Every structure is written in structure tokens, then in C-alpha cells.
Amino acid sequence: MITIAMPKGRIFEEAVELLRKAEYRLPPEFEESRKLIIDVPEEEMRFILAKPMDVVTYVEHGVADLGIAGKDVMLEEERDVYEILDLKISKCHLAVAGLPNGKVNGVAPRVATKYPNVASSYFREQGEQVEIIKLNGSIELAPLIGLADRIVDIVSTGRTLKENGLVELERIAEITSRLIVNPVSYRMKDTKIDEMMERLSRVIGDE
Ligand SMILES: Nc1ncnc2c1ncn2[C@@H]1O[C@H](COP(=O)(O)OP(=O)(O)OP(=O)(O)O)[C@@H](O)[C@H]1O
Ligand SMILES: O=P(O)(O)OC[C@H]1O[C@H](OP(=O)(O)OP(=O)(O)O)[C@H](O)[C@@H]1O
């Protein structure tokens with residue numbers, strides 16, 4: 001039996017589609033129910049459904065053997081898990097954005113973000129002193145309302161930036177979802193995990 005932590009939200013649908021393409025027989029419960037634990041006995045698999053930021057926690061603690069997590073989450077927190085496969089789904093990038101010709105008042109620009117560690121290390125590497133303001137969502141609001149001078153956030157289509165009159169200033173990192181594994185599970189259940197990697201690798205897109 002193998003336990004996989006799946007992120008609820010936007011990655012979920014693409015991840016389920018990828019698993020089905022790899023010929024894992026997942027029941028309609030995946031779309032239809034509000035259950036947080038879904039057992040698939042014919043595949044000897046158990047799926048647990050978690051918040052995207054929490055998937056790594058379940059895998060690190062070993063209550064899930066595997067998980068699917070955005071690279072953004074992996075970059076934000078150093079965790080004791082192995083990243084074993086780029087699933088090439090939920091593509092987006094992390095970027096610095098702000099108002100066009102936005103002026104900075106004071107010495108250290110204020111940067112609003114859901115990713116305080118990524119933002120701090122990025123600006124440290126740039127040799128720029130900033131004040132980080134942690135938010136949990138609607139990051140684009142911060143410069144509009146005067147909470148921050150810039151933001152560090154996910155950009156996908158660019159629509160949220162555009163519709164809020166913001167512009168991308170610097171690109172920080174390319175993001176896709178990754179298959180992650182608990183180090184002990186990787187040793188104990190290597191045959192089943194390797195088989196899963198092979199099956200997924202065959203159906204992952206090339207772009
Ligand atoms: N606009 C986007 N387009 C594509 N992928 C995205 C986008 N925004 C985020 N992602 C990716 O999807 C992952 C999950 O995002 P999602 O919005 O579902 O969850 P969340 O914002 O962390 O959680 P919640 O909104 O439930 O608090 C992110 O970690 C990132 O890798
Ligand atoms: O470039 P786009 O295609 O417009 O996508 C980018 C937006 O998507 C994410 O937000 P999400 O929808 O997860 O909402 P949130 O603000 O609650 O995090 C991200 O934080 C951006 O705001």
C-alpha cells in the first residue's frame with residue numbers, strides 16, 4: 001500500500017488527469033466527493049487530499065509516502081523530502097511586480113508576498129534591502145492600496161497583474177508541480193515508487 005498526498009485546488013484536476021493517463025484506475029469519487037481519504041484497493045493506493053502548502057508536511061512526517069507539490073512550495077521551505085519527478089503540470093512563474101513607475105518611499109522597499117523566504121533570498125542575492133510583508137492571498141492588492149511597493153507572486157497568464165494595472169519587473173523562477181517522496185518510503189517501497197515514476201514519465205508532456 002502506498003499513500004499519496006494530493007493538493008486540493010488548481011493542481012488537483014491536472015494531477016488526477018496525469019495519473020489516469022498513466023493508467024491508474026481512479027474512481028469517480030475523485031471528482032464527486034468531499035472525502036479527504038480515498039482508498040483505491042485495486043491499485044494498492046490511498047490518496048489523502050490536503051492544502052497545497054501542507055502536502056510537504058504530510059510527506060516529511062511519513063504519513064504520506066508520496067506527494068504532489070508546486071516548486072514554489074519547495075523553494076519556500078527547506079524540507080526533508082526528495083523531489084523525484086517534474087510532472088510539468090500547473091506551469092507558472094514567480095516574479096517581482098509593481099505599479100509602472102512606482103516610487104519607493106524610504107530606504108527599504110516593502111515587498112508583499114506569500115513567499116517570504118523566496119523573496120528575502122532573492123533580494124539578498126540582488127544586494128537589495130527590503131522589508132517583507134507576509135500575506136496569504138490577493139497579493140496584487142498590496143501595491144494598489146499602499147501596503148507595499150512591490151510584490152513577489154505567482155504569474156501564469158498575467159491576467160491578474162494586467163487587470164490590476166501592475167507590471168512584471170523581474171522573473172525569479174519557473175514553476176511546475178513535482179512528485180515528492182519521503183526518504184524512508186523511498187528506501188522501503190522503492191519498487192512501487194520506481195514503477196510509478198516510470199509510468200508517469202511516459203505520459204508527462206515535453207514542453
Ligand atoms: N495562476 C496559477 N496558474 C498555474 N499554477 C498556479 C497558479 N497559482 C498557483 N499555481 C500553482 O498551484 C499551486 C497551488 O495553488 P492553489 O491556488 O491551488 O493553492 P493555494 O493558493 O496555495 O491554496 P488556497 O488558495 O487553497 O489557499 C501553487 O503552489 C503553484 O505551484
Ligand atoms: O497570472 P494569472 O493567470 O492571473 O494567475 C496569477 C494569480 O493566480 C494566483 O492567485 P490565486 O488565484 O491562487 O488566488 P490567491 O490570490 O488567493 O492566491 C497568484 O497568486 C496570482 O494572483
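Let me begin with one pair: arginine 110 stands opposite glutamate 131 in strand 8. The model before us is predicted: local features need pLDDT of at least 70, side-chain atom pairs count only at pLDDT 80 or more, and totals for chains, interfaces and linings use all residues. Residues are numbered from 1 along each chain as its sequence is written, with chains lettered from A and ligands numbered from 1 in the order in which they are written.

Strands here are DSSP runs (E, at least two residues), as are helices (H or I, at least four), numbered from the N terminus; two strands pair if DSSP finds at least two bridges between them.

In the order 8-7-9-6-10, 5 strands form an open sheet with mixed pairing. Strand 8 (131-134) and strand 10 (167-175) are its edge strands, each pairing on one side only. From one strand to the next, the twist averages 25°.

Across strands 6, 7, 8, 9 and 10 lies helix 5, residues 116-125, at about 165° to strand 8. Axes are lines fitted to C-alpha atoms, for helices over the stretch in contact (C-beta atoms, placed from the backbone, within 7 Å), and angles run from 0 to 180 degrees between N-to-C directions.

I turn to ligand 2. Among the residues surrounding ligand 2 are Gly137, Glu140, Asp153 and Arg159, where near means a C-beta atom, placed from the backbone, within 6 Å. Strand 9 (150-155) and helix 7 (159-163) each give two or more residues to this shell, and strand 9 gives the most, with 3 residues.

How values were computed:
Contact = placed C-beta atoms within 7 Å.
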